[in-house]
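Try each task before reading its solution.

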Amino acid sequence: MATSDVPIFSMLRNRMRWHQDRQKLLAENVANADTPGYRARDLRAPTFESMARGTAVASAGASIGAGPMRTDPRHIQTSGSQTTRLDVRRDTGLVTTPAGNRVNLEDEMLKVSQNQMDYQAVAGLYQRSLGLIRTAIGKKG
């Protein structure tokens, strides 16, 4: 049995992918802090409802702006593919500069550090779960 067949590992991998994609988006916000008219963006955390509908990050290799999207229910979808859509929030900044920029560096850096801590927590849980599986099958030495 592969670890990809165990639901908890699949959920943890999806959560780690979400944190990676969010980190990319937050890095773009920081990089464009001086760009006139740029609006800060952030990803909405996946909810149970979005996961049940299949609109959360679900496929391997999901990234911002990449991957197939099923835009019409009549489109063909193979059994191995899943719809990938990242829910991006726009205009997360509250203060607008005279140039029209809505990036607050302090807020963005707080989000980056929180996202990093959350990713490390999920990665640690993934490693511990793998360790438990190895112990259960007697391969830990």
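This is a predicted model: local features need pLDDT of at least 70, side-chain atom pairs count only at pLDDT 80 or more; totals for chains, interfaces and linings use all residues.

**Exercise 1. Classify Gln120 by its accessibility.**
Step 1: take the relative accessibility of Gln120, which is 47%. Step 2: apply the cut-offs: buried is under 20% relative accessible area, exposed is over 50%, and partly exposed lies in between (1.4 Å probe, protein chains only). Step 3: Gln120 therefore counts as partly exposed.

Residues are numbered from 1 along each chain as its sequence is written, and side-chain values use heavy atoms, with hydrogens and water left out.

**Exercise 2. List the elements of the chain in order.**
Step 1: Step 2: count three helices and two strands. Step 3: read from the N terminus: α-β-α-β-α.

**Exercise 3. Check the length of helix α1 (residues 7–31).**
Step 1: the expected span is 1.5 Å times one less than the number of residues. Step 2: for the 25 residues of α1 that gives 36 Å. Step 3: the end C-alpha atoms are 36 Å apart, so the two values agree.

**Exercise 4. Describe how α1 packs on α3 (residues 105–137).**
Step 1: Step 2: the two axes come within 9 Å and cross at roughly 160°. Step 3: angles over 145 degrees count as roughly antiparallel, so α1 and α3 are roughly antiparallel to each other. Step 4: sort the contact residues: 16 nonpolar, seven polar and six charged. Here Ala, Val, Leu, Ile, Met, Phe, Trp, Tyr, Cys and Pro are nonpolar, Asp, Glu, Lys and Arg charged, and the others, Gly among them, polar.

**Exercise 5. Is Arg41 buried or exposed, and what does its side chain contact?**
Step 1: Arg41 lies in strand β1 (residues 41–43). Step 2: its relative accessible area is 18%, so Arg41 is buried. Step 3: the Arg41 side chain makes a polar contact with the side chain of Glu28, at 2.6 Å. Such a contact is a pair of N or O atoms within 3.5 Å; within protein, one must be able to donate a hydrogen and the other to accept it, and residues adjacent in sequence count only if both atoms are side-chain atoms.

Methods: Helices (H or I, at least four residues) and strands (E, at least two) are DSSP runs, numbered from the N terminus. Axes are lines fitted to C-alpha atoms, for helices over the stretch in contact, and angles run from 0 to 180 degrees between N-to-C directions. Angles under 35 degrees count as roughly parallel, over 145 as roughly antiparallel, 65 to 115 as roughly perpendicular and the rest as oblique.
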